[in-house]
Amino acid sequence: MLSDRDRRIIADLERQFEPATQDVPFPTVTVLCVLLFLTVPLVMLLFSWPGLLIAVDVFAVAVAYVLIRRHRSRRP
């Protein structure tokens with residue numbers, strides 16, 4: 001039979017050696033940044049400044065949407 005102290009020590013050791021199971025979200029913001037970086041020259045070539053401003057606005061809205069969804073999903 002184990003005493004209470006021994007049980008607590010064993011439980012502590014088990015907690016220390018458990019693998020970390022944290023969910024790492026997909027790097028959506030990074031992917032959006034790469035897509036913006038790749039599309040800027042093409043948009044600038046085809047649509048000039050107005051097209052670039054629209055593309056940057058769409059990018060900002062997409063990043064804001066992703067960040068808001070992540071923030072809301074982490075709430076208890």
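Visitor: How many salt bridges does a search of the whole structure find?
Guide: Two. Keep in mind that this is a predicted model.

Visitor: Which side chains meet in the 3.6 Å one?
Guide: Asp-4 and Arg-7, with 3.6 Å from N to O. Both residues lie in helix α1. They are three residues apart, about one turn of the helix.

Visitor: And which side chains meet at 2.8 Å?
Guide: Those of Asp-12 and Arg-15, again N to O. This pair is in helix α1 too, three residues apart. That puts about one helical turn between Asp-12 and Arg-15.

Visitor: Why does a spacing of three places matter in a helix?
Guide: An α-helix has 3.6 residues a turn, so residues three or four places apart point the same way.

Visitor: Is Asp-4 buried or exposed?
Guide: Exposed, because its relative accessibility is 52% and the cut-off for exposed is over 50%. Arg-7, its partner in the salt bridge, has 43% and counts as partly exposed.

Visitor: How many residues of α1 are buried?
Guide: Zero of its 14 residues, so α1 lies largely in the open.

Visitor: What span should α1 have, and how far apart are its ends?
Guide: Helix α1 covers residues 4-17. At 1.5 Å a residue, those 14 residues should span 20 Å. The end C-alpha atoms are 20 Å apart, which agrees.

Visitor: Zooming out, how many helices and strands does the chain have?
Guide: Two helices and zero strands. Helix α2 takes in residues 28-74.

Visitor: What are the spans of the C-alpha trace?
Guide: About 80 × 25 × 10 Å along the principal axes.

Visitor: How does the radius of gyration look next to a compact globule?
Guide: A compact globule of 76 residues would have a radius of gyration near 11 Å. The protein chain has 24 Å.

Visitor: What share of the chain is buried?
Guide: Buried residues make up 11% of the 76 residues. To count as buried, a residue needs under 20% relative accessible area.

Visitor: Which residues form the nonpolar patch on the surface?
Guide: Leu-42, Leu-45, Leu-46 and Phe-47. Together they have about 480 Å² of accessible area.

Visitor: Where does Leu-45 lie, and how accessible is it?
Guide: Leu-45 lies in helix α2. Its relative accessibility is 68%, so Leu-45 counts as exposed.

Visitor: New topic. What is the phi of Ser-48?
Guide: Positive, about 65°, although Ser-48 is not a glycine.

Visitor: Where is Ser-48 placed?
Guide: In helix α2. Ser-48 is partly exposed, with a relative accessible area of 36%.

Notes
Residues are numbered from 1 along each chain as its sequence is written. This is a predicted model: local features need pLDDT of at least 70, side-chain atom pairs count only at pLDDT 80 or more; totals for chains, interfaces and linings use all residues. Side-chain values use heavy atoms; hydrogens and water are left out. Patches are made of residues with over 30% relative accessible area and no salt bridge: like charges are joined within 9 Å, nonpolar side chains (Val, Leu, Ile, Met, Phe, Trp, Tyr) within 5 Å. Accessible areas come from the Shrake-Rupley method with a 1.4 Å probe; for residues, only the protein chains shown count as cover. A salt bridge is a side-chain nitrogen of Lys or Arg within 4 Å of a carboxyl oxygen of Asp or Glu. Helices (H or I, at least four residues) and strands (E, at least two) are DSSP runs, numbered from the N terminus. Buried means under 20% relative accessible area, exposed over 50%, partly exposed in between (1.4 Å probe, protein chains only). The expected span of a helix is 1.5 Å times one less than its number of residues. The radius of gyration is taken over C-alpha atoms; the globule rule is 2.2 Å times the number of residues to the power 0.38.
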